[in-house]
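This briefing concerns the protein chain shown below.

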Amino acid sequence: MAISRAQLVKELEPGLNALFGLEYKQYENQHAEIYTTESSDRAFEEEVMLSGFANAQVKAEGSGVSFDQAQETFTARYTHETVALAFSITEEAIEDNLYDRIASRYTKALARSMSNAKQVKAVEPLIQGLPSTDNFDSGDGVALFSTAHPTIAGTYKNTLSTQSDLNETSLEQSLIDIAAMTDERGLRIAARGVKMIIPSQLQFTAERLMKSAKSWNCR
């Protein structure tokens, strides 16, 4: 339905001092801090997880060498979505407006809505992949954050065994668990925690923890 003069009554009358409400600052490109962005012209993209080889074994003199097999393990598919929004304005609303180039103003508002949608969509996997929600599975078929991600060598976890609020103990354990991660065949990988992604409610808790970590590293 088009925006008409009925929605813009005050902009049709003399005496209006200011228009406001569409000039807020906004968070820009928060998703770029979390994801690597790639372009595509297909309906979907797939990525295949490969396994390497297990740990090499000692070979006794004169005996044959052991053989191992590499293989594909799972496939992750990314199906693209179209996000869209539009508006229309009656000719009369544009012609009779006394104060504003209304189409230009609402075009900026539309761009803000599209940008916000991108940021909201970007964090959905993180929110829906938590053990408490479990509405977003990773390529291996289990919740994104799980204590039992299946591999050829067994299972691994990328969340705490017992869920905990953000504090010094839980942060330390998370970093320990990250450093202990292995690949599909159980070989240790050089993983370390590099970024903390938190809701705004925990910003001051995270700030205190980071200050504490810096103080500890200086001693």
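Which residues does Asp134 touch, not counting residues up to four places away in sequence? The model is predicted, and in it Asp134 touches Gln128 and Ala143. The chain around this residue comprises four helices and four strands, and its radius of gyration of 27 Å is well over the 17 Å that the globule rule gives for 219 residues, so the chain is more spread out than a compact globule.

**Overall form**

- Read from the N terminus, the elements of the protein chain follow the order β-β-α-α-β-β-α-α.
- The C-alpha trace spans about 100 × 50 × 30 Å along its principal axes.
- Of the contacts in the protein chain with a separation of 6 or more, 58% are between residues 24 or more positions apart.

**Surface, burial and charge**

- Buried residues account for 15% of the 219 residues in the protein chain.
- The chain exposes about 17000 Å², and 53% of this area is supplied by carbon and sulfur atoms.
- The side chains include 21 positive and 30 negative ones; the centres of these two sets lie 7 Å apart.

**The largest nonpolar core**

- In soluble globular proteins, nonpolar side chains tend to be buried together.
- The largest nonpolar core of this model has five residues in all, namely Ile3, Leu8, Ile89, Ala93 and Ile102.
- Leu8, a member of that core, is in contact with Ile3, Ala93, Ile102 and Tyr106 when its neighbours within four places in sequence are left aside.

- Asn29 has a phi near 50°, which is a positive value in a residue other than glycine.
- Asn29 belongs to the segment before β1, the strand of residues 44-51.
- With a relative accessible area of 41%, Asn29 is partly exposed.
- Asp134 likewise has a positive phi near 50° in a residue other than glycine.
- Asp134 is placed in the loop between α2 (102-128) and β3.
- The relative accessible area of Asp134 is 42%, so this residue is partly exposed.
- Asp134 and Glu13 are 121 residues apart along the chain, and their C-alpha atoms are separated by 53 Å.

**Residues of helix α2**

- Ser115 lies in helix α2.
- Ser115 counts as buried because its relative accessibility is 17%, under the 20% limit for that class.
- Not counting residues up to four places away in sequence, Ser115 touches Gln26 and Glu28.
- From C-alpha to C-alpha, Lys121 and Met49 are 24 Å apart in space, and they are 72 residues apart in sequence.

- Thr151 lies in strand β3, which covers residues 149-151.
- Thr151 has a relative accessibility of 17% and therefore counts as buried.
- Apart from its neighbours within four places in sequence, Thr151 is in contact with Tyr156 and Glu184.
- Lys157 lies in the loop between β4 (154-156) and α3 (168-179).
- Lys157 has a relative accessibility of 27% and so counts as partly exposed.
- Lys157 and Ser146 are eleven residues apart in sequence, and their C-alpha atoms are 5.7 Å apart in space.
- Ser146 is one of the residues that Lys157 touches, not counting those up to four places away in sequence; Thr147, Asp177 and Met181 are the others.

How values were computed. Residues numbered from 1 in each chain as written. Predicted model: local features only at pLDDT ≥ 70, side-chain atom pairs only at ≥ 80, totals over all residues. Heavy atoms only, no water. Helix = DSSP H or I, 4+ residues; strand = E, 2+ residues; numbered from the N terminus. Rg over C-alpha atoms; globule rule 2.2 N^0.38 Å. Buried < 20%, exposed > 50% of the residue type's maximum accessible area, 1.4 Å probe, protein only. Contact = heavy atoms within 4.5 Å. Areas by Shrake-Rupley, 256 points an atom, 1.4 Å probe, with all protein chains shown as cover. Lys, Arg positive; Asp, Glu negative; His and termini not counted. Charge placed at Lys NZ, Arg CZ, Asp CG, Glu CD. Core = buried A, V, L, I, M, F, W, Y, C linked by side-chain atoms within 4.5 Å.
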